[in-house]
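Subject: The structure, and what I found in it

Hi,

Here is the structure I said I would pass on. Have a look at it first, and my notes follow below.

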Amino acid sequence: MYKKILVPTDGSELSDQAVAAAIGFARASGASIVALSVVEPYPLVAAEGAMVIDVGVEMTQRRQVALENVSKVAQSAKAAGVVCSVATAYSALPHEEIINAATANACDLIFMASHGRHGLSRLFAGSVTQKVLAGTTIPVLVLRPQSAGHRAAGAP
């Protein structure tokens with residue numbers, strides 16, 4: 001079946017759910033995991049009465065968060081007996097980094113979350129997951145959030 005699974009994480013609750021599911025899936029299939037967290041550049045917006053932001057400090061903090069995200073995945077994988085390597089990347093185009101990391105690490109599956117945005121929020125925020133799906137030939141397993149209207153009958 002699958003041998004190596006790329007698991008992108010942004011540290012969100014939904015991403016954590018996808019990580020847990022990916023680890024269980026990897027354990028069941030005997031696969032290893034590559035955890036990836038992409039640091040996006042800080043968006044600079046010019047405004048009247050501009051505020052000074054130390055971009056160097058901000059990027060250092062964001063890189064630290066990315067390292068913490070992948071370290072958390074590695075710890076969870078180790079506890080489950082799943083081999084895990086970690087990577088971080090810096091890019092304004094996280095979907096490209098996800099695809100590049102999957103290819104560079106010879107992953108045969110990308111396992112990721114979708115935030116399930118609809119309407120205008122989807123239009124404006126875009127969808128990293130959707131861009132990954134459109135940009136790769138590697139299979140992508142997508143964990144979608146379960147809304148109250150989509151829960152199974154009798155589920156809390």
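To get you oriented, in which loop is A106 found? A106 sits in the loop that runs between α3 (94–104) and β4. Please keep in mind that this is a predicted model. The phi of A106 is near 55°, which is a positive value in a residue that is not glycine. A106 is also exposed, because its relative accessible area is 60% and the cut-off for exposed is over 50%.

Now the overall picture. The protein chain holds five helices and five strands, and along the sequence they come in the pattern β-α-β-α-β-α-β-α-α-β. Of the 156 residues in the protein chain, 33% are buried. The accessible surface of the protein chain is about 9,500 Å², and carbon and sulfur atoms account for 57% of that. If you count the contacts with a separation of 6 or more, 76% of them are between residues 24 or more positions apart.

On to the sheet. The five strands make an open sheet in the order β3-β2-β1-β4-β5, and the pairing is parallel. The edges are taken by β3 (84–90) and β5 (140–143); each has a single partner strand, so one side of each has no neighbour in the sheet. On average, neighbouring strands of this sheet are turned by 20° against each other, direction ignored. The parallel pairing of β2 with β3 runs over seven bridges, and V39 stands opposite Y90 in β3.

Two helices are worth a look against those strands. α1 packs on the sheet and touches β1, β2, β4 and β5, with its direction at about 145° to that of β4. Helix α5 (residues 128–135) lies across β4 and β5 and runs at about 160° to β4.

α1 itself covers residues 13–29, which is 17 residues, and spans 24 Å from its first C-alpha to its last, close to the 24 Å expected at 1.5 Å a residue. The buried residues in α1 include L14, A18, A22 and A26, along with S15, V19 and I23. As a reminder, an α-helix has 3.6 residues a turn, so residues three or four places apart point the same way. After α1 comes G30, whose phi is positive, near 75°.

Then the inside. The largest nonpolar core has 16 residues, and those that touch the most other members are I5, V7, I23, A26, I33, V82 and F111. At least two residues of this core come from each of β1 (4–8), α1, β2 (32–39), α2 (55–79) and β4 (109–113). α1 gives the largest share, four residues. There is another core apart from this one, with 15 residues, among them L36, C107, V132 and I138.

Leaving out neighbours within four places in sequence, F111 is in contact with I5, L6, V7, P8, A18, A21, A22, F25 and L141.

L6 is another one to click on. L6 lies in strand β1 and counts as buried because its relative accessibility is 0%. Not counting residues up to four places away in sequence, L6 touches V34, L36, I98, A101, A102, C107, L109, I110 and F111. L6 and I98 are 92 residues apart along the chain, with their C-alpha atoms separated by 8.0 Å.

Last, a pair that touch each other: S114 and L143. S114 is in the loop between β4 and α4 (119–125), and S114 counts as buried because its relative accessibility is 13%. Again leaving out residues up to four places away, S114 touches L14, T129, V142, L143, R144 and P145. L143 lies in strand β5 and counts as partly exposed because its relative accessibility is 23%. With the same exclusion in sequence, L143 touches L14, Q17, A18, M112, A113 and S114. The C-alpha atoms of L143 and V19 are separated by 9.6 Å, though the two residues are 124 apart along the chain.

Cheers

Technical notes
Residues numbered from 1 in each chain as written. Predicted model: local features only at pLDDT ≥ 70, side-chain atom pairs only at ≥ 80, totals over all residues. Heavy atoms only, no water. Expected span 1.5 Å × (residues − 1). Buried < 20%, exposed > 50% of the residue type's maximum accessible area, 1.4 Å probe, protein only. Core = buried A, V, L, I, M, F, W, Y, C linked by side-chain atoms within 4.5 Å. Contact = heavy atoms within 4.5 Å. Pairing = 2+ DSSP bridges. Axes fitted to C-alpha atoms, helices over the stretch in contact; angles between N-to-C directions. Areas by Shrake-Rupley, 256 points an atom, 1.4 Å probe, with all protein chains shown as cover.
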